[in-house]
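Below is a short note for a colleague who is new to this structure. The points are numbered and can be read in order.

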Amino acid sequence: MGETMKLKISLGLGLTLLMLAGCGSDRPASSGEVVDTSTAPITPAIIFFCDDKQGLTDFDALGDGSAGDPFQICTVAQLQDIQASACGAVATSCAKNFILKGDLDLAGVNDWAPIASPSASSAGFDGTFDGDNHKISNLTMNVTDGTRQFGIFRKTTGNAVIKNLELKNFDFTLDNDVQEVGALVGEASSSTIENILVDINIEMLGNFHFKIGGVVGQSIRSTISSVESNTTVVATVPTGLNSIGGLVGDLSTLSNISNSTSTVDMNITKGFAVGGAFGNTSSATIQNINVSGVIVADEEVGGMVGQLGNNSIL
């Protein structure tokens with residue numbers, strides 16, 4: 001008899017056909033057998049850009065801050081360092097370009113200092129911050145008495161741009177006399193804000209709060225577009241509340257906003273100029289804004305605008 005030769009033929013799907021064929025013989029090949037060589041599917045590991053960069057603390061550890069190579073932010077410490085160093089006492093890089101390369105969780109950060117805080121030598125953040133469609137979540141803050149301009153950014157100015165960012169599960173409690181507060185920025189001056197998603201709860205405990213918005217406290221000569229907010233405001237005890245809005249507290253001085261959505265749940269007693277999207281507007285342009293939700297308030301309450309000031313265009 002001749003020798004027997006094994007032939008392996010791949011059939012796909014992890015199967016191999018093993019044929020036994022006689023060699024040196026004129027008889028037909030003998031019957032074969034199917035051998036299952038498949039194994040459990042292997043899922044390749046997904047490696048994110050920031051996975052091996054969690055020890056970074058300096059805002060300028062990656063990138064040079066140019067438009068083509070922005071500073072790349074991977075950690076909470078780097079985000080805080082924008083305030084401490086980039087926009088700090090010297091403020092050498094407050095006008096540079098930044099990009100967020102991963103989601104950041106601010107849970108446990110109870111001493112958040114907004115970027116471009118009053119101690120900064122600059123008037124405000126005047127660079128570009130691109131969230132790159134990532135999110136910053138779980139910022140819980142007690143905003144103390146007398147605070148002016150509070151949010152992730154204290155103030156933006158000088159053609160600043162903030163875009164492509166989600167702020168999720170923010171919770172602010174306001175003490176007495178707090179003004180210009182928004183999840184994103186306290187005061188946006190001559191700035192561009194676009195493609196922002198915000199989810200925030202605001203509770204007012206003290207009195208005399210002005211210009212409080214879900215996204216921006218006060219907008220001056222700024223352009224805002226494609227912004228969506230889900231804002232809850234509770235203020236059943238304080239008095240002297242003015243200009244409270246789901247998107248922007250006070251939209252004024254040639255500001256314009258378009259293509260944005262506000263969902264609100266507001267229970268405000270002894271408040272003035274309370275709106276589902278804007279508390280107060282003056283010399284502003286408003287286009288294509290959708291508002292839904294519930295508002296319970298006292299004076300000058302509007303589904304979209306609480307107080308529509310002079311020269312505003314709807």
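**Notes on the disulfides, the rings and one asparagine**

1. The link of Cys-50 and Cys-74 is left-handed, with -75° about the S-S bond. Its two ends belong to distant parts of the chain: Cys-50 is in the loop between β3 (33-36) and β4 (71-73), and Cys-74 is in the loop between β4 and α1 (76-86), 24 residues apart. The sulfur atoms of Cys-50 and Cys-74 are 2.1 Å apart, and the two residues form a disulfide. Please keep in mind that this is a predicted model.

2. How many disulfides does the structure hold? There are two. Besides the link already described, Cys-87 and Cys-94 form a disulfide, with 2.0 Å between their sulfur atoms. The link of Cys-87 and Cys-94 is right-handed, with 100° about the S-S bond, whereas that of Cys-50 and Cys-74 is left-handed.

3. Cys-87 counts as buried because its relative accessibility is 0%. Cys-94 has a relative accessible area of 2%, so Cys-94 is buried as well. When the bonded cysteines are counted along the chain, the disulfides follow the pattern 1-2, 3-4.

4. The next topic is the aromatic rings. The structure holds eight aromatic pairs. One of them is formed by Phe-59 and Phe-98, a tilted pair with 6.2 Å centre to centre and 45° between the planes. Phe-59 lies in the loop between β3 and β4 while Phe-98 lies in strand β5 (residues 97-100), so this pair ties together parts that are 39 residues apart in sequence. Phe-59 counts as buried, at 6% relative accessibility, and Phe-98 is buried with a relative accessible area of 1%.

5. Phe-98 also pairs with Phe-125. That pair is tilted, at 5.9 Å centre to centre and with 50° between the planes. It links distant parts of the chain, with Phe-98 in strand β5 and Phe-125 in the loop between β6 (104-105) and β7 (128-137), 27 residues apart. Both partners, Phe-98 and Phe-125, are buried.

6. Which residues do ring pairs link into a cluster? The members are Phe-59, Phe-71, Phe-98, Phe-125, Phe-129 and Phe-153. Both tilted pairs described above, Phe-59 with Phe-98 and Phe-98 with Phe-125, involve residues of this cluster.

7. Phe-49 is a ring with lysines over it. The charged end of Lys-53 sits over the ring of Phe-49, 4.1 Å from the ring centre. Lys-101 lies over the face of Phe-49 as well, at 5.1 Å from the ring centre.

8. With 12% relative accessibility, Asn-280 counts as buried, because the cut-off is under 20%. What does Asn-280 touch, not counting residues up to four places away in sequence? Its contacts are Ser-243, Gly-249, Asp-250, Leu-251 and Gln-307.

Terms used
Residues numbered from 1 in each chain as written. Predicted model: local features only at pLDDT ≥ 70, side-chain atom pairs only at ≥ 80, totals over all residues. Heavy atoms only, no water. Disulfide = S-S within 2.5 Å. Helix = DSSP H or I, 4+ residues; strand = E, 2+ residues; numbered from the N terminus. Buried < 20%, exposed > 50% of the residue type's maximum accessible area, 1.4 Å probe, protein only. Contact = heavy atoms within 4.5 Å. Phe/Tyr/Trp six-rings, centres within 6.5 Å; stacked < 30°, edge-to-face > 60°. Lys NZ or Arg CZ within 6 Å of the ring centre and 35° of its normal.
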